[in-house]
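This report describes selected features of one protein model. The sequence and structure are shown first, and the description follows.

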Amino acid sequence: MTAPGVHEDVRDRPPVTERRLHPVTPLRRAWAPVAVLIGWALHDPDQAQRQLSRLTTTTLLTGLAVLIPAAALYGFLTWWYTHFAVTESELRIRTGLLFRRTAHIRLERIQAIDVTQPLLARVAGVAKLKLDVIGTDKKDELAFLGAGEARALRAELLARAAGFAPETAHEVGEAPAREILRVPSGVLAVSLLLTGATWGWLLVAAVVVPLLWTATHSLWTVLAAAVPLFGAAGASSVGRFVAEYDWTLGESPDGLRIDHGLLDRAHETVPPGRVQTVRLVEPLLWRRRDWVRVELDVAGSSNSLLLPVAPRELAESVVARVLPGVSVPPREALSRPPRRARWCVPLWWRGYGLAVTDAVFAARHGLLRRSLSLVPHAKVQSVRLVQGPWQRARGVADVHVDTGANKSVTARLRDATEAAALLRSQAERSRTGRRDARPDRWMA
């Protein structure tokens, strides 16, 4: 703050120090020219095979002798011309070999900073920083930094975003975390075996593959259909197990910390006050064990999973930490649509339910895979009543609440009079909820 009538000279400001990424980064970026060739070959494999068959051994060796140094030079130059710097108000990332690009990321608009370590990065001792910023769909990233440097930079950026002075931000360090729970690998494996998606894809493969073989007797046609089907089954079981292995949830001043991954480790943060919706998902085969999956909609962040599997009572205690003052309504508190709604959605209407408390709008849908969505009143941006011609004939309507994460939660097939009253009352609850809500701040 300068005195009245005195202008601050920009020459008095401390110089901005630009830094480079870790020296192993060129090895990652050198793959770009190779990836272009691989993409061309996969796009037109027949043409690629014909072209390769025409090449002699000498030509292939000459091509490799040119391609490998060119790829290495490309990786080095892109690393050499990439810099980043932290100023008093922003993170500045400057990239570009031929076309220069400078990204100015305002610190107060950063919502989350995740540290991820792919398998090879863990071996090399480096990590990647991913930044969730308000108003952008794609995460900005710094890849790669030394593992210790990445955590220190994350702590400094969060400290500055929280309002700490630049000269003290370096001293704040990473906020300590207290472990809340850890998902046992055995429980995770059993939960994936009891998930219907895996068995559904296998069932489809068991039906489609024999039919295709009987109809075509073409091995390539059968493989073209079987590989995606078995791949989807593997992604919903083995892939999820690898990604969600050793899922650990911790609590710290800068939000809920999530660590997970068998091969690629990820260190994520759920920003405080930015959670718009929490969903408790109950697959059919989980209900005897009273397990649920907790999913999130977070404004300005792509993090969407809080717990892959947990006992319902424990999950509800975690929800209370994510949404202070909110408790999950019991099953008996959810009111079903009127019986005449069965003419709009036969049988499935029984899966819908609604409960509105002083703190939250709770809507349930699904008969086999139940999902209970919780939206705090302060997070509701708008309310809409939708009624089609068939719904008007049956005297029912849908009420949609829109959140700051560009998502909607719908109370389906409510009585028309109840829906109109809900529309008015929810608008008032949202207005008063936003007025009384605490500000969203890091390290509050």
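Strands are DSSP runs of E with at least two residues, helices are runs of H or I with at least four, and both are numbered from the N terminus; two strands count as paired if DSSP finds at least two bridges between them. Axes here are lines fitted to C-alpha atoms, for helices over the stretch in contact, and angles between N-to-C directions run from 0 to 180 degrees.

Strand 18 (residues 396-403) is joined to strand 19 by six bridges in the antiparallel sense. Within this sheet, His400 stands opposite Thr410 of strand 19.

## Basis of the values

Residues are numbered from 1 along each chain as its sequence is written, and side-chain values use heavy atoms, with hydrogens and water left out. As the model is predicted, local features need pLDDT of at least 70 and side-chain atom pairs count only at pLDDT 80 or more, whereas totals for chains, interfaces and linings use all residues.

A second open sheet has six strands in the order 13-12-11-16-15-14, and its pairing is antiparallel. Strand 13 (305-311) and strand 14 (353-356) are the edge strands, each pairing on one side only. From one strand to the next, the twist averages 15°.

Four bridges connect strand 14 with strand 15 (residues 360-365) in the antiparallel sense. Leu354 stands opposite Ala363 in strand 15.

## Strands 2 and 3

Strand 2 and strand 3 (residues 101-106) run antiparallel and are joined by six bridges. Thr95 stands opposite Arg101 in strand 3. The hairpin formed by strand 2 and strand 3 has five residues between the strands, and Gly96 takes a positive phi near 120° there.

## Helix packing

Two packed helices are described by the angle between their axes and the distance between the axes. Helix 8 (residues 185-193) and helix 10 (residues 219-244) pack at about 155°, with their axes 10 Å apart. Helix 8 is therefore roughly antiparallel to helix 10; under 35 degrees counts as roughly parallel, over 145 as roughly antiparallel, 65 to 115 as roughly perpendicular and the rest as oblique.

The crossing of helix 8 and helix 10 is right-handed. A crossing has this hand if the near helix is turned clockwise from the far one by less than a right angle, and is left-handed if anticlockwise.

## Salt bridges

Side chains of opposite charge can pair when their charged atoms come close. With a salt bridge taken as a side-chain nitrogen of Lys or Arg within 4 Å of a carboxyl oxygen of Asp or Glu, the count comes to 24. One of them joins Arg94 and Glu18, whose closest N and O atoms are 2.5 Å apart. This pair links distant parts of the chain, 76 residues apart: Arg94 is in strand 2 (residues 90-95), and Glu18 is in the segment before helix 1 (25-29).

## Backbone exceptions

Most residues other than glycine have a negative phi, and most peptide bonds are trans. Ala143 and Phe144 are joined by a cis peptide bond, with omega about 5°; Phe144 belongs to strand 6 (residues 140-146). His217, a residue other than glycine, has a positive phi near 55° and is placed in the loop between helix 9 (196-216) and helix 10.
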